[in-house]
Amino acid sequence: MEIKRILTGDRPTGKLHIGHYFGSLQNRVKLQNDGKMFIEIADVQALTDNFNNPEKVKGNVKEVLMDQLAVGLDPNKVTFFLQSMIPEIAELTVFYSNLVTIARLERNPTVKTEIAQKRELFGESVTYGFLGYPVSQAADITAFDATIIPVGEDQLPLIEQCREIVRKFNSIYGEVLREPTAFLGENKRIKGLDGNEKMGKSLGNAIYLSDSEEEITKKVMNAVTDPARIKKDDPGNPNICMVAYYHNLFSKDNVKNICEECKQGKRGCVACKKQLIKNIMEHLSPIQERRHYYEERPKEVREILFEGTNEAKKEAAKTMEKVKEVMKLDYFKDK
Ligand code: ATP
Ligand code: MG
């Protein structure tokens, strides 16, 4: 039977949050037993909108890796690698850029939303690098011949764009690339503390997996609740309350009770928030304990990334050989 090839990744733009956890990390932990899994730390992609802040990107590489190890991804099963160390990805990006029009990139809904969020950085005209990041993401995926991509919902238009590039490449040069499929979990998109449709590291609305109890308390206590509920015994509306929303993730067994009591004005917001903080901490404690283990062993963390990157290089080289052959770029092969 064919071994499944799975690839996913994160931008080292900040520590990982509960949006990542429910949206993608939980799936990764399950899938690591189902095939060959690659996890990219996308430092080159992170630079597309942090080119003026390389320290931030560098500093977050180890943070993102430690978060992954903390949730239970096993470095003996998963190949963790650094995008900037794989020149084949940059080469493929150049080749693929001939197969995508600017109009198509501008129409990509994810890119569109992100450009709107980054007006301050880009002003009136977005950079060539940022507009083209879906092309480099197609290179990330295909360099490793990956077909299963566990991601959150925001990534769907990017996977679709990758599939189009693969089809175009194969139809022109020959069938060497495979079309990937997005693998969505039960929680496709986790909302931010501010009620924004997406919790994001670059949006300042996240509960991080490594947040202390104090930080989580502050965030939950300030979370948006039903504004019409003023007194403790006013009936509340959990549908417009972020605390209820997170109870759905962390308090699965008794969420119905919690929301029923809120609707009847029997449970005040403070008690409800305290319960949520307790449940979040119970959930995150084992993750934070494992993170602590790695925080104390920076050499081990570096080694995991170094070894994974070396292995990834070999895999990308195999793809590159096939690609260059069909693109007639193998001039000195028989020399
Ligand atoms: P940035 O704001 O810098 O883009 P991010 O929080 O969006 O950071 P990424 O590194 O871009 O994180 O995304 C890594 C993975 O996590 C992707 O598969 C993405 O779909 C998923 N993901 C990110 N945020 C969420 C969320 N709020 N809900 C579900 N999945 C998410
Ligand atoms: Mg993102």
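Q: How do the residues of the shell around ligand 1 divide into nonpolar, polar and charged?
A: They divide into 3 nonpolar, 10 polar and 7 charged, where Ala, Val, Leu, Ile, Met, Phe, Trp, Tyr, Cys and Pro count as nonpolar, Asp, Glu, Lys and Arg as charged, and the others, Gly among them, as polar. This is a predicted model, in which local features need pLDDT of at least 70 and side-chain atom pairs pLDDT 80 or more, while totals for chains, interfaces and linings use all residues. Residues are numbered from 1 along each chain as written, chains are lettered from A and ligands numbered from 1 in written order, and side-chain values use heavy atoms, without hydrogens or water.

Q: Which of the 20 residues around ligand 1 come nearest?
A: Thr13, Asp154, Lys198, Lys201 and Ser202 come nearest of the 20 (each with a heavy atom within 4 Å of the ligand).

Q: And what lies 2.7 Å from an oxygen atom of ligand 1?
A: That is a polar side-chain atom of Lys201.

Q: OK, backbone now: what is 2.8 Å from a nitrogen atom of ligand 1?
A: A polar backbone atom of Ile190 is at that distance, and a backbone N or O atom of Met199 also lies 2.8 Å from a nitrogen atom of ligand 1. Taken alone, ligand 1 exposes 600 Å² (Shrake-Rupley method, 1.4 Å probe), and the protein buries 95% of that.

Q: Switching to secondary structure, what gives the most to the shell around ligand 1?
A: Helix H1 does, with 3 residues; H1 spans 18-31, and both H1 and strand E1 (4-10) supply at least two residues of that shell. Helices (H or I, at least four residues) and strands (E, at least two) are DSSP runs, numbered from the N terminus.

Terms used: A polar contact is a pair of N or O atoms within 3.5 Å; within protein, one must be able to donate a hydrogen and the other to accept it, and residues adjacent in sequence count only if both atoms are side-chain atoms.
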